[in-house]
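Thanks for coming, everyone. I would like to walk through one model this morning, going from salt bridges to a helix and then to the interfaces.

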Amino acid sequence: MKQYQDPELQELAERLASDDAGLRRVAVLDLVDCPEPEAVELLIQALNDADPLVRQEAAKVVDEFESAQMADALIAALNDSDEVVRNAAAHALSDLKDPAAAAPLLAALQESRDPFVVAGILRALKPLRDADAREPARARLDHADPRVRREAVAVLGWLKEDANLPMLIERARDDVDPEVRRAAVGALVYADAAAVAEALNGIVTDEHWQVRAEAINSIGKLDHQQGLDLLITASRDTTWQVREKAADAIGKLRRVEGVPALGECCRDPMSNVRKATIGALGAIADEQCRPYIETALDDPDPDVRKLARWAQSRLSAA
Amino acid sequence: MPLANHHTSVPVLVDEEKCIADKGCTVCIDVCPLDVLWIDETTGKAHMKYDECWYCMPCEADCPTDAVTVNIPYLLR
Amino acid sequence: MNIEDLTIIDTDVLVIGGGTAGPMAAVTVKENNPKLDVILLEKANVKRSGAISMGMDGLNNAIVPGHATPEQYVREITIANDGIVDQPALMAYAQRSFPMIEKLDAWGVHFQKDETGDYDMKKVHHLGTYVLPMPEGHNVKKILYRRLRRHRVKVENRYQATRLLKDTEGNIAGMIGVNTRTGEPIIIRAKAVIMATGAAGRIGLPHSGYLFGTYENPANSGDGHAMAYHAGADLANLECYQVNPLLKDYNGPACAYVTGPLGGFTSNAFGERFIECDYWSGQMMLEFFKELESGKGPVFLKLDHLAEETIQEIETVLHTNERPSRGRFHDGRHTNYRQQMVEMHISEIGFCSGHSASGVWVDETGATTVPGLYGAGDMASVPHNYMLGAFVYGQICGESAAAFASERGEINLDRHLIDQELVRLRAPLERQDGIPPEQMEYKVRRLVNDYLQPPKVTRRMEIGLERILAVREDLKLLKANDAHELMRAMEVHSIVDCAEMAARASLYRTESRWGLYHYRVDHPDTDEQRWFCHSRLYKDDNGNMAHGTRPVAPYIVSLGEEKDAYNQLRVKQAANA
């Protein structure tokens, strides 16, 4: 057993070597309070303890330590037989914001097969925005497990590289899992609107409302002017959340041609939709908006009335 | 002014079978913002000594053995 | 026992309170000057203390480039506070808001990001975009703790500070307090002190009658407000109470900032929105109060129109963050967001700058009116600071205190004050019988509800003040059986101080302002002529509670058209009321 200079650390080391797993477990809990950098070594030792309860305890406190120092141990813990340990390790890994962690993560990715582990490593790679993650992420876009595909999409989304757009579009359009499609269409916002225009045509009619809402949101964020007709169609969607996003996005594009569709939305039974609509009319601030805005001054919903007053002030300023 | 005893039903329950306070664990006692959990000297286990609970949950969330349950105090339930 | 029997601990900077602002202040001192000794004193345990013990579900006041500007923010908070703000202090927050988000992000705090890694800002109001969700914000305290260890800040848990110490020249000199487990007194001599003691959240009594079922973490009993007062610091605008909308009985926040961006809203009994005011303000709370009392009341959180996927998302966030036991509360009453609206109410009163504007006066450097004493977070006077403001002012105070401490020479403690305090600390344990702290606390907080809760009526508040002063006379009868009860007894002293301050400050400002927060039924109008100023409350040279005014510093951001827009909303509201 290694000897430590610091008496507190030495005491903890001795307790961690106890035959009683219960005592080892409590020692792990106390490890958190130790400011010595070498405490990490003892934590790594605990992550490899024979007793799963001790490993769980260690895994639960990994995020209290600077995880960069224990990237290897955490990656190894992703393969632990205990689910609590694997989960905690995956979470701690995603907090690694040290660029130097990219290399060990990529090496581990190559050797990992378990979808949970693969997804955990991809999630940890995402915020590092390391270009070397591009190929491994691309290679996993058609992985059998949707959790892996979702994280692969996120890695490419954060990289913001034009070359990855065709693959993201494919995921957004064709993936069987709605969450993967939603994430992928959300990732398209870094593109040039023209590059993704055609793809968005299909996605705004996705069967799942959250995918449609995300696609509409992306059209607004991209300022995709050619997408106006898609938004007008979406403003009559059967799901109010989609109509709400569509009205909002028409406002973002600031297009007078959208005013008649917004006029219809002003009569929407759902006040959240009317609220977004008046906000959009205020953003467009064209004379054609005036009758709708004036009617909304007497809307039963005070949020709609507030926005109508604001929209009216935009009209008089215009 | 003489004092009377008065009883209240407390919101935090500790499962003595699961509690490992006797192994030196003091997690729930440490994290309580109101310092209402103490070791029961007869059993060596944690218990709620003062009915002064914010039902904030760190004692339950941080307990290594899931021995602690936080109920909503009766007056609020 | 007297001062000769006690060891005096020396440090360069003392931080009192280890919740949100305190750890940031302590870490900042070390980042600025690693050679300085820092002690972080905490009544509970820094791992899980303060308002964010279980994390936070979002930022309400994030000023992120491309979504809002510091000028826009300063303008809006000025309007929300009816003009009574110190704009330089607001601007100091506004300019540091984004760098602080970046710092916390680098430390590992999880903010919501879109699929390309940009901050996923949410627009809740039409005037600015300030909401940044934190659906995985439960680890904030862990991250702060990690930083404290990394910088080797000395943490002293389970110590209650009871009085600030000064030197013979009137500068701050440290504090005296007591160990909450042993009852042993402790004296810390410090070259600079930062107070981060949180809100005064235990002044009023929750409607449930449960003393600890408060809106704020009940450990925040106003000790800092009381200590600052007794040290001679100015307190500002205490009549501008905190009154918040909340889930009835549970008394936790309704989290409009979580549910709002997802389509949920505050409604009346008919499922209709009713709030006209666009700012989180006393005006909004007045509308809430009126609806609550009207034929359309009570008030509800309405989520039952949302999609199943959205409800699940809301449940995950609300039941794992900030006040996670709310799920259990709803289960107990068979309340399901999918089918039922959730009954809401208003909170008991408190002092909390995080949500309103009252507290120990600080300027844009975090300095109080006592040299060497700084204040951050819910206890200091910078309005609408919320969590991010506590971090920013923790940082500002850390920088200021580090500079002050580095310049400071030897300190001569004022021993008379220490001897006096040792007597006060010992008394409840030495008494053979008397009044238990719980009983006296219940009484004074019940008086606060009966006499000081708005709408405020002059004669009623005068009677309340008399009754509170009568309880003050009883403080000498407090009886504690152990160290824990001694802590509660000392908290009762703070609560009585705060209750008296609330009454006197409310009586002093003879107008109505800040909507419900200072709604005086017999002075219903806002008097810009006489009262466009901060009110001061302080201890005068004779030891009496005194008042004064402080002019509002010239605006650095003009209100322009927005002010007119706000007045328009006001007029409309008045017509409806």
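Let me begin with a term: a salt bridge here is a side-chain nitrogen of Lys or Arg within 4 Å of a carboxyl oxygen of Asp or Glu. Before I apply it, please keep in mind that this is a predicted model, in which local features need pLDDT of at least 70 and side-chain atom pairs count only at pLDDT 80 or more, whereas totals for chains, interfaces and linings use all residues. Residues are numbered from 1 along each chain as its sequence is written, chains are lettered from A and ligands numbered from 1 in the order in which they are written, and side-chain values use heavy atoms, with hydrogens and water left out.

By this rule there are 81 salt bridges over all chains. One of them joins Asp80(A) to Arg55(A), with the closest N and O atoms 2.7 Å apart. This pair links distant parts of the chain, since Asp80(A) sits in the loop between α5 (71-77) and α6 (83-94) of chain A while Arg55(A) belongs to helix α4 (residues 52-61) of chain A, 25 residues apart; helices (H or I, at least four residues) and strands (E, at least two) are DSSP runs, numbered from the N terminus. Both Asp80(A) and Arg55(A) are buried, where buried means under 20% relative accessible area, exposed over 50%, and partly exposed in between, with a 1.4 Å probe and protein chains only.

In chain C, the side chains of Glu441(C) and Arg202(C) meet in a salt bridge at 2.8 Å, N to O. Glu441(C) lies in helix α12 (residues 437-452) of chain C and Arg202(C) in the loop between β8 (185-195) and α5 (223-230) of chain C, so the pair ties together parts that are 239 residues apart in sequence. Glu441(C) is buried at a relative accessible area of 2%, and Arg202(C) is buried at 0%. Both belong to a network of salt bridges whose other members include Glu52(B), Lys43(C) and Asp223(C).

Now to a helix in chain A. Helix α10 (residues 146-159) of chain A has 14 residues and reaches 20 Å from its first C-alpha to its last, close to the 20 Å expected at 1.5 Å a residue, the expected span being 1.5 Å times one less than the number of residues. Is α10(A) enclosed by the rest of the structure, or left exposed? Of its 14 residues, 12 are buried, so α10(A) is largely enclosed by the rest of the structure. The buried residues of α10(A) pack against α8 (115-125), α9 (134-139), α11 (165-174) and α12 (178-187) of chain A. At its N-terminal end α10(A) is capped by Asp145(A), a side-chain oxygen of which lies 2.8 Å from the backbone nitrogen of Arg147(A), and just after the helix Lys160(A) takes a positive phi of about 55°.

Asp114(C), in the loop between α3 and β4 (132-133) of chain C, is buried with a relative accessible area of 11%. Leaving aside neighbours within four places in sequence, Asp114(C) is in contact with Trp158(A), Val189(A), Lys221(A) and Asp120(C).

The interface of chain B and chain A involves 8 residues of chain B in contact with 8 residues of chain A. The area buried there is about 590 Å², of which carbon and sulfur atoms give 62%. Ile20(B), Lys23(B) and Pro64(B) supply 69% of the area that chain B buries against chain A, more than any other three residues. The rule finds 1 salt bridge across this interface, and Lys23(B) forms a salt bridge with Asp20(A), the closest N and O atoms being 2.8 Å apart.

Note on methods:
Contact = heavy atoms within 4.5 Å. Polar contact = N/O pair within 3.5 Å; in protein donor to acceptor, adjacent residues only side chain to side chain. Buried area = accessible area lost by both parts, 1.4 Å probe.
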